[in-house]
Amino acid sequence: TAVRRPWTRQYWELFGGALILIGVKVRDNSRLVNKHLSELLNEQKLYHIVAIKRQNETVIPRGTDRIESGDIVFFTTTKSHIEDVRLHAGKRDPEVKKVIIMGGSRIAIRTCQYLPNNIRVKVIETNKEKSHRIAEVVPGNVLIINGDGRDTDLLMQEGIKDAQAFIALTDNSSTNILACLAAKRAGVFKTIAKIENIDYIPLAESMDIGSVINKKLIAASHIYQFLLDADVSNVKCLTFANADVAELVARPDSKITRKQVKDLNLPKDLTLGGLIRDGEPMMIKGDTHIQAYDHVVVFCLDTAMRKLEDYFN
């Protein structure tokens, strides 16, 4: 998804794609910059801003909070309004025609098989035998190159300047970060780094690396699911934010169904991003009244995860 929608930092499909969660870094050219959330009430039909990450702090914003240039803003929206989010965030959306992958890992092979076959992909792998093995299992639009992806001359030779995306998947986090920086310097629009050392994630973010893959956080989100008693179908840990997204079902007569959202006195560190009622996705506004069996997306900081059960059971 990071390659298919290169303007996003994070892109998650919730409830099988009925609601979408998008993280985007906004800059001066975004019409949202310097606006308070209370000024964006008209946009609530299109999307809901559920969190703002500013440097190392994530906040669940209220109406008085302001969006600043350089913030990573998290939106929930429906499929039909993804384009509105992109335009309001001021992001270009270049068509991805060429991708360079450094490191022939399992993730690399899966990425090659998953990408549309009209995208030209080059995988650079240092190990000769591994290069041959990968060549046997990838589709015809993928070219395997035996060489070192840290070699700038090799990257230039293989056309890094024409690539729209660069994905660094070696087992070394710092190698991946440095390779992405070199690719950015060469003008690549979207860089993605596999980073196993969680402490390096803020570093990657401050260097403007587009997206991060971290297996521990993916595993953590599955563990959370087992720990929650509420009816949680999906919990996602957000790589760039110390926050979680949960998909919950409102039980009959649970606290969440008793009043309009604005009168529920929800904790400051959680917000409701959207809901599915009878198969129809809806944004949530202050006057929304959640009904039994609504499927609700909740966005919360780590501290609030436990409070969810009180509201939904």
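## Briefing on a predicted protein chain

The protein chain carries 44 positive and 39 negative side chains, and the centres of these two sets are 3 Å apart. Please keep in mind that this is a predicted model. Its secondary structure amounts to eight helices and 16 strands. With a radius of gyration of 21 Å, close to the 20 Å that the globule rule gives for 313 residues, the chain is as compact as a globular protein of that length.

**Overall build**

- The C-alpha trace spans about 65 × 40 × 35 Å along its principal axes.
- Buried residues make up 54% of the 313 in the chain.
- Take the contacts between residues at least 6 apart in sequence: 62% of them join residues at least 24 apart.
- The accessible surface is about 14,700 Å², and carbon and sulfur atoms account for 48% of that area.

- Helix α2 covers residues 106-114, and its buried residues are Ala108, Ile109, Thr111 and Cys112.
- Viewed down the axis of α2, these buried residues fall within an arc of 160 degrees, so they line one face of the helix.
- On the face of α2 turned away from the buried side sit the exposed residues Arg106 and Arg110.

**Val188, a buried loop residue**

- Val188 belongs to the loop that runs between α5 (173-185) and β10 (190-194).
- Its relative accessible area is 4%; because buried means under 20%, Val188 counts as buried.
- Leaving aside residues up to four places away in sequence, Val188 touches Ile160, Ala163, Gln164, Ala165, Phe166 and Ala183.
- From Val188 to Phe299 the separation is 111 residues in sequence and 32 Å in space, C-alpha to C-alpha.

- As background, most residues other than glycine have a negative phi.
- Asp278 has a phi near 50 degrees, a positive value in a residue other than glycine.
- This Asp278 is in the loop between β14 (270-277) and β15 (280-282), and at 77% relative accessibility it counts as exposed.
- Tyr293 has a positive phi as well, near 70 degrees.
- Tyr293 lies in the loop between β15 and β16 (295-301), and its relative accessibility of 53% makes it exposed.

Conventions:
Residues are numbered from 1 along each chain as its sequence is written. This is a predicted model: local features need pLDDT of at least 70, side-chain atom pairs count only at pLDDT 80 or more; totals for chains, interfaces and linings use all residues. Side-chain values use heavy atoms; hydrogens and water are left out. Helices (H or I, at least four residues) and strands (E, at least two) are DSSP runs, numbered from the N terminus. The radius of gyration is taken over C-alpha atoms; the globule rule is 2.2 Å times the number of residues to the power 0.38. Buried means under 20% relative accessible area, exposed over 50%, partly exposed in between (1.4 Å probe, protein chains only). Contact means heavy atoms within 4.5 Å. Accessible areas come from the Shrake-Rupley method with a 1.4 Å probe; for residues, only the protein chains shown count as cover. Lys and Arg count as positive and Asp and Glu as negative; His and the chain ends are not counted. The place of a charge is taken as NZ of Lys, CZ of Arg, CG of Asp or CD of Glu. The arc is that of the directions from the helix axis to the C-beta atoms.
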